[in-house]
Amino acid sequence: MNPLPHSLDLAAEPAIAISGLVKLFGDHRALGGVDLTVRRGEKVVICGPSGSGKSTLIRCINALERLDGGRIVVNGIELTADEGTVQDIRQEVGMVFQHFNLFPHLTALENCMLAPQLNRGLSRAQAAKLAMAHLERVHLADQAHKYPSRLSGGQQQRVAIARALCMEPRILLFDEPTSALDPEMVNEVLGVMEDLATGGVTMLCVTHEMGFARRVADRCVFMDRGAIVEEGGSREFFDAPASERLRGFLAQIL
Ligand code: ADP
Ligand code: MG
């Protein structure tokens, strides 16, 4: 077993506590009773075949889906349909999607300035300062005044990461952030994510980038057919998978 990183506080309340989570789409059970606890500061990678429920799980944590059963508690806040609770949870959680979803009519800087002004009450000048600091963090200060269409896919995704950081979330959720990118751009995005991982932020990341998972993840989780089939430290997960299904999955992607 690897020793726990200093940033993990075992005594504290978990960052994310999910129990018995059920999500239905019509009569299809996308999530069939998922239990997952993520400690504060922990970095967790989720992998699994297409359609296994990874995105649905991530979306539920950020209150983008209505739950059909079970509980989600984020930094001590229980997710309910109450609009105030949803807003409270979104203050804690930043999300980065596969498709960057930047506003095309706003520059990189303006994309990053929007949420702090709308949701955190920052002035335009304060938001601009904060946005520039986070664009610097993803090495894009020199591209701040460009529109998304003038940026590469890797740059757009780094803007999306900076935009999430501008809410100063304590939890970052990533849903396949590199899978829509041309191969030569994958590493610049993974590099930024690795830098972020050295801080105290809690990270839950859906990715099939196994090099990243080995370097960064405290724990890897394998999902199949709406359930967590196996989880473990990245070394035993990749080198000694217990279940036939994880062995089969790894054989396909490695
Ligand atoms: P993954 O991210 O692991 O590929 P998803 O969470 O996107 O899987 O999807 C899990 C299952 O739920 C799939 O069978 C998918 O078709 C279904 N699903 C996801 N979102 C919707 C939706 N909005 N409406 C209907 N079915 C959905
Ligand atoms: Mg998905």
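Helices (H or I, at least four residues) and strands (E, at least two) are DSSP runs, numbered from the N terminus. Counted that way, the protein has 9 helices and 10 strands. Its radius of gyration (taken over C-alpha atoms) is 18 Å, close to the 18 Å that the globule rule (2.2 Å times the number of residues to the power 0.38) gives for 254 residues, so the protein is as compact as a globular protein of that length. Along the principal axes, the C-alpha atoms fill a box of roughly 50 × 45 × 40 Å.

Before we go further, a word on what you are looking at. This is a predicted model, in which local features need pLDDT of at least 70, side-chain atom pairs count only at pLDDT 80 or more, and totals for chains, interfaces and linings use all residues. Residues are numbered from 1 along each chain as its sequence is written, while chains are lettered from A and ligands numbered from 1 in the order in which they are written.

An unreviewed UniProt entry annotates residues 16–250 as "domain: ABC transporter"; such positions are given in the numbering used here, feature names are shortened, and annotations may be inferred rather than shown by experiment. Over residues 16–250 the chain is 40% helix and 26% strand, with the end C-alpha atoms 26 Å apart.

Now let's follow some helix pairs, starting with helix 3 (residues 108–120) and helix 4 (residues 124–137). They pack at an angle of about 125 degrees, their axes 8 Å apart; axes are lines fitted to C-alpha atoms, for helices over the stretch in contact, and angles run from 0 to 180 degrees between N-to-C directions. That makes helix 3 oblique to helix 4, since angles under 35 degrees count as roughly parallel, over 145 as roughly antiparallel, 65 to 115 as roughly perpendicular and the rest as oblique.

Helix 3 also packs with helix 5, here at about 25 degrees and with the axes 8 Å apart. This angle makes helix 3 roughly parallel to helix 5. Their contact (C-beta atoms, placed from the backbone, within 7 Å) is made by A108, N111, C112 and A115 of helix 3 and V159, A162 and R163 of helix 5.

Helix 5 (residues 153–165) in turn packs with helix 6 (residues 183–197) at about 20 degrees, again with axes 8 Å apart. That makes helix 5 roughly parallel to helix 6. Here G153, G154, Q157, R158 and I161 in helix 5 meet M185, E188, V189 and V192 in helix 6.

Methods: Contact = placed C-beta atoms within 7 Å.
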